[in-house]
Amino acid sequence: MDAVANAAGAPPRYSIARYPTALIDRLPLADGRVVTIRPVLPQDAELAQRFVAGLSLQTRYRRFQMGVGTLPPRLLRQLTEIDYAAHLALLAGVVDESGDEIQVADARYVVDADAAPWPGGDGDAEFALVVADDWQGVGLGSELMRRVARAARARGLVRLHGEVLSTNTPMLDLLRRSGACIRTRAGDARLVDAWIDLRGAAD
Ligand SMILES: CC(C)(COP(=O)(O)OP(=O)(O)OC[C@H]1O[C@@H](n2cnc3c(N)ncnc32)[C@H](O)[C@@H]1OP(=O)(O)O)[C@@H](O)C(=O)NCCC(=O)NCCS
């Protein structure tokens, strides 16, 4: 991400250094529906806002672990103005009868700001994943998680980690199927820590 000001002194604006087109794909789901997967763009802010607003309370709470209704502008920018290296986000979407794109899922990793990369550029990143209620249970979440892990591994990251509500059985099942390690947190029964070791993991 480049923050650049023009000669007239306009406020900094976001510009993209390299949009990773190799991550664009069409994915057929188990129920016959097909989604397009692509890296998130800054102009997806409205799309993302509508996506989050359309989630059930439970899905929203499981993703954000707080009661967000409308995403505040700062968070929305953080989620959409990404650099595709330290922060990669993929969205899955479909086009409706009017030709408008509708977002149905979001998966991302964000490299830990305070993780000092050791030689070779290795490091840790946090994952996040959410699938719209009507699109759950047909393999989309698992596939997005696989793709985010593959992109993180290609970037030289060694571990994806996240905290999950201990009552979030669907996510914990997905993580177990993805080969993640899961550990209950001492002193906080509400959350568990999960991590996926990317070294030597298959695609
Ligand atoms: C957790 C979450 C991301 C899972 O996404 P998903 O797309 O439903 O996951 P999948 O479809 O890949 O797998 C879930 C179920 O579908 C089944 N499934 C997976 N692939 C399938 C396929 N090809 N055909 C049929 N069923 C399939 C899985 O076996 C699993 O079944 P289960 O419910 O019996 O365990 C989704 O439920 C969600 O968004 N939850 C709210 C937000 C959240 O919890 N985020 C994580 C925060 S840490």
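This is a predicted model: local features need pLDDT of at least 70, side-chain atom pairs count only at pLDDT 80 or more; totals for chains, interfaces and linings use all residues.
Visitor: Switching to the fold. How many helices and strands does the protein chain have?

Guide: There are five helices and 10 strands in the protein chain. Eight of the strands form an open sheet with mixed pairing, in the order β3-β4-β5-β6-β7-β8-β10-β9.

Visitor: Which strands stand at the edges, and why is one side of each left without a neighbour?

Guide: The edge strands are β3 (25-28) and β9 (181-184). Each has a single partner strand, so one side of each has no neighbour in the sheet. As for the twist, the average is 25° from one strand to the next.

Visitor: What about β3 and β4, do they run parallel or antiparallel?

Guide: Antiparallel, with four bridges joining β3 to β4 (residues 34-39). Within that pair, L27 stands opposite V35 in β4. The two strands form a hairpin with five residues between them, and G32 in the turn has a positive phi of about 95°.

Visitor: Which other residues have a positive phi without being glycine?

Guide: Q65 is one of them, with phi near 55°, and Y84 is another, at about 65°. Q65 lies in the loop between α2 and α3, while Y84 is in the loop between α3 and β5.

Visitor: Why does Y84 count as partly exposed?

Guide: Y84 has 18 C-beta neighbours inside 10 Å, so Y84 counts as partly exposed; a residue needs 20 or more to be buried. Q65 is partly exposed too, because Q65 has 14 such neighbours.

Visitor: Where is A85 found?

Guide: A85 is in the loop between α3 (73-80) and β5. A85 is partly exposed, with 13 other C-beta atoms within 10 Å. A85 and R18 are 67 residues apart in sequence, with 9.6 Å from C-alpha to C-alpha in space.

Visitor: Which residues does V148 touch?

Guide: Leaving out residues up to four places away in sequence, V148 touches L88, L90, A107, R108, Y109 and F127.

Visitor: And which strands does helix α4 lie across?

Guide: Helix α4 (residues 140-154) lies across β3, β4, β5 (87-95), β6 (101-111), β7 (124-131), β8 (159-165) and β10 (191-197). Helix α4 runs at about 40° to β6.

Visitor: Last one: what percentage of the protein chain counts as buried?

Guide: Of its 203 residues, 23% count as buried. On contacts, taking those between residues at least 6 apart in sequence, 59% join residues at least 24 apart.

Key: Residues are numbered from 1 along each chain as its sequence is written. Two strands pair if DSSP finds at least two bridges between them. Axes are lines fitted to C-alpha atoms, for helices over the stretch in contact, and angles run from 0 to 180 degrees between N-to-C directions. Two residues are in contact if their C-beta atoms, placed from the backbone, lie within 7 Å. A residue is buried if 20 or more other C-beta atoms lie within 10 Å of its own, exposed if 12 or fewer, and partly exposed in between; C-beta atoms are placed from the backbone.
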